[in-house]
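Reader: I have a structure to read. Where should I start?

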Amino acid sequence: MSGKYLVTGGAGYVGSVVAAHLLEAGHEVTVLDNLSTGFREGVPAGAEFIEGDIRDAAKWLGAGEPAYDAVLHFAAFSQVGESVVKPEKYWDNNVGGTMALLAAMRTAGVRKLVFSSTAATYGEPAGVPIEESAPTAPTNPYGASKLAVDHMITGECGAHGLAAVSLRYFNVAGAYGEFGERHDPESHLIPLVLQVAQGRREAISVFGDDYPTPDGTCVRDYIHVADLAEAHLLAVEAARPGEHLICNLGNGNGFSVREVIETVRAVTGHPIPEVVAPRRGGDPAVLVASAATARERLGWNPSRADLAGIVADAWAFAQSREGRTA
């Protein structure tokens with residue numbers, strides 16, 4: 001059955017891919033984005049676009065007559081480093097903006113929400129793979145702001161019957177056709193290494209090579225953005241009134257920084273010079289998800305776990321942005 005969905009932050013990386021999947025599934029999609037970090041051309045063809053802020057969501061959600069069946073909420077600032085030096089920006093937008101959005105949904109009678117959360121809510125893990133029951137102790141304001149929103153949603157579900165699912169992403173990567181990563185500044189490993197392959201960066205920095213891992217570099221769980229998007233469509237169907245379901249999204253497998261670099265070399269055919277730099281504070285040695293809850297409750301089964309495939313899709317997108325062929 002088709003539905004009508006509002007996608008906040010739908011001009012950004014993950015939001016645009018989710019919006020595209022919703023359209024392909026036959027749903028009506030409206031993207032709300034203030035374009036502070038998103039791109040107008042990132043809004044998929046066929047989606048209605050509203051340039052605006054989530055604080056003003058009441059203008060489009062209405063009052064008493066639900067205009068949408070659900071909201072999928074991606075509108076947030078997400079740069080960890082920036083959050084440390086500008087925490088007020090993250091509390092204001094990520095927390096204050098979501099509070100306004102929840103109030104607008106309550107007034108309009110929109111009673112279903114899928115929230116873009118993060119593995120940064122866990123901080124330094126006590127063990128891996130990380131389950132949803134693991135202690136939450138974020139090490140930066142970005143992760144803290146997302147955790148605060150998760151707490152707000154839990155309260156909204158209990159008090160007002162909201163049906164909500166929070167999806168805690170691990171390392172999202174890859175591309176989906178014309179939709180891929182284009183952050184400014186870029187902070188994610190795979191697109192940074194691809195910039196070296198394109199000649200846009202001289203070398204890739206490896207922050208620490210003395211971690212207690214097989215090759216001494218950090219290990220992370222990479223999930224293809226298309227697999228991630230499919231989880232959101234399943235989450236809309238799985239949301240139940242009065243329940244706040246929290247699910248990790250990851251493949252359950254880890255790849256080290258050096259494994260990523262070697263994979264980029266193999267996929268692109270380019271040498272990737274690397275420079276070892278000091279460890280960054282707060283970087284855990286290993287972050288790998290347990291996605292058992294998503295598999296059980298959402299029926300989610302990621303099918304694009306191959307690192308070379310993830311890199312190949314990201315490389316194709318990066319080359320398309322440069323106007324060159326791989």
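Reader: In which strand is L167 found?

Author: Note that this is a predicted model. L167 sits in strand β6.

Reader: Is L167 buried or exposed?

Author: Look at the relative accessible area; under 20% counts as buried. L167 has a value of 0%, so L167 is buried.

Reader: Which residues does L167 touch, leaving out those up to four places away in sequence?

Author: Among them are V114, F115, A231, H232, C247, L249 and L298.

Reader: What is the general idea behind a core?

Author: In soluble globular proteins, nonpolar side chains tend to be buried together. Here, the largest nonpolar core has 41 residues. L167 is one of those with the most contacts inside this core, along with V14, L72, L249 and L298.

Reader: Which elements give two or more residues to this core?

Author: The strands are β1, β2, β4, β6 and β11, and the helices are α1, α7 and α9.

Reader: How many residues of α1 are buried?

Author: Count 10 of its 12 residues, so α1 is mostly covered. Among the buried ones are Y13, V14, V17, V18 and L22.

Reader: What covers the buried residues of α1?

Author: The cover includes β1, β2, β4, β6, β7 and α7.

Reader: What comes just after α1?

Author: G26 does, with a positive phi of about 95°.

Technical notes. Residues are numbered from 1 along each chain as its sequence is written. This is a predicted model: local features need pLDDT of at least 70, side-chain atom pairs count only at pLDDT 80 or more; totals for chains, interfaces and linings use all residues. Side-chain values use heavy atoms; hydrogens and water are left out. A nonpolar core is a set of buried Ala, Val, Leu, Ile, Met, Phe, Trp, Tyr and Cys residues joined through side-chain atoms within 4.5 Å. Buried means under 20% relative accessible area, exposed over 50%, partly exposed in between (1.4 Å probe, protein chains only). Helices (H or I, at least four residues) and strands (E, at least two) are DSSP runs, numbered from the N terminus. Contact means heavy atoms within 4.5 Å.
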